[in-house]
Amino acid sequence: MKRILVLLLCCGALTAVQAQPVDDGFSIDTISDALFQRMWGRSFPAGCTTARSDLRYLRVLHRNAADSVCQGELVCHKAIAADLADIFRQLYDAHYPIERIRLIDDYDADDERSMSDNNSSCFCFRNVDGTKSLSKHARGLAVDINTRYNPYVRRRNGRLHVSPDNGRPYADRSKTFIYKIEKDDLLYRLFTEHGFRWGGNWNTMKDYQHFEKDI
């Protein structure tokens, strides 16, 4: 939030009066009761072991491929909230295209539905796909960006597994297409400079949409 000072002429003297905050589309807040109701039973199910007090609600501006300005929102761990606010502000200023940033709760916390819609999101209390281990998303320490065009790719029993399913055409990273994340592009550089690891660098699988951080 930005704040401005209004100078008023009062009794022959200038008096500084603090005006109301100017909403510039970027903010970091705790999880309100209204927001928690959106999350409950979805990204925050019964039995969730991540404390609500450890989470933060971010509002960020972003631009899509048509360079239209969009308002985005995501929930993350408080330890990376400032990192993400800085990253998304720089991406916005640089006109880096991100199609949509919506809470995964808008998709009933269905990761496949969210990814198929090319949605970018962070917190969702769930396991790593195909395992019983909690994902970094379960603590709000991982972010998935432009998910349809940067799919999760793994070969299992000789077959290629791609998620989301409609991201299969984009598993071939030799092709050029919109919303593609590449090593050393601006998004990659900003996330890695803030201490995140990219799933596109992994060996046994590739998660081209995924950035995570240890705390």
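This is a predicted model: local features need pLDDT of at least 70, side-chain atom pairs count only at pLDDT 80 or more; totals for chains, interfaces and linings use all residues.

Reader: What volume does the largest cavity have?
Author: The count comes to one cavity of 30 Å³ or more. The volume of the largest cavity is about 50 Å³.

Reader: Which element supplies the largest share of the lining of the largest pocket?
Author: The largest pocket holds about 400 Å³ of space and has a lining of 22 residues. Helix H3 (111-116), strand S9 (152-156) and strand S13 (210-212) each supply at least two residues of this lining. The largest share, three residues, comes from H3.

Reader: How many residues of the lining of the largest pocket are charged?
Author: Nearest the centre of the pocket lie Arg126, Val128, Asp129, Tyr152 and Asp207. In this list, Arg126, Asp129 and Asp207 are of types that count as charged. Over the whole lining, six residues are nonpolar and seven are polar, while the number of charged residues is nine.

Reader: Why do the buried residues of H4 line one face of the helix?
Author: In helix H4 (residues 186-193), the buried residues are Leu187, Tyr188, Leu190 and Phe191. An α-helix has 3.6 residues a turn, so residues three or four places apart point the same way. The buried residues of H4 line one face because, seen down the helix axis, they fall within an arc of 170°.

Reader: What covers the buried residues of H4?
Author: The buried residues in question are Leu187, Tyr188, Leu190 and Phe191. Their cover includes helix H2 (81-93), strand S8 (142-144), strand S11 (197-198) and S13.

Reader: Which residue has a side-chain oxygen that reaches the backbone nitrogen of Leu187 at the start of H4?
Author: The two atoms are within 3.2 Å of each other, and a polar contact requires a pair of N or O atoms within 3.5 Å. The side-chain oxygen at the start of H4 belongs to Asp185.

Reader: Is Asn64 buried or exposed?
Author: Asn64 is found in the loop between strand S4 (55-63) and strand S5 (69-77). Its side chain has a polar atom 3.0 Å from the backbone nitrogen of Ala66, and a polar atom of that side chain is also 3.0 Å from the backbone nitrogen of Ser68. Asn64 touches Cys70, Pro97, Ile98, Glu99 and Tyr179, leaving aside residues up to four places away in sequence. Its relative accessible area is 18% and the limit for burial is under 20%, so Asn64 is buried.

Reader: How far apart in space are Ile215 and Leu141, C-alpha to C-alpha?
Author: Ile215 and Leu141 are 74 residues apart in sequence, and they touch each other. From C-alpha to C-alpha, their separation in space is 8.3 Å.

Notes:
Residues are numbered from 1 along each chain as its sequence is written. Side-chain values use heavy atoms; hydrogens and water are left out. Helices (H or I, at least four residues) and strands (E, at least two) are DSSP runs, numbered from the N terminus. Buried means under 20% relative accessible area, exposed over 50%, partly exposed in between (1.4 Å probe, protein chains only). A polar contact is a pair of N or O atoms within 3.5 Å; within protein, one must be able to donate a hydrogen and the other to accept it, and residues adjacent in sequence count only if both atoms are side-chain atoms. Contact means heavy atoms within 4.5 Å. On a 1 Å grid over the protein atoms alone, a cavity is a set of points where a 1.4 Å probe fits but cannot get out, and a pocket is an open set with protein on both sides within 12 Å along at least five of seven lines; lining residues have an atom within 4 Å of a point. Grid points are joined across faces, edges and corners, and a volume is the space filled by probe spheres set on the points. The arc is that of the directions from the helix axis to the C-beta atoms.
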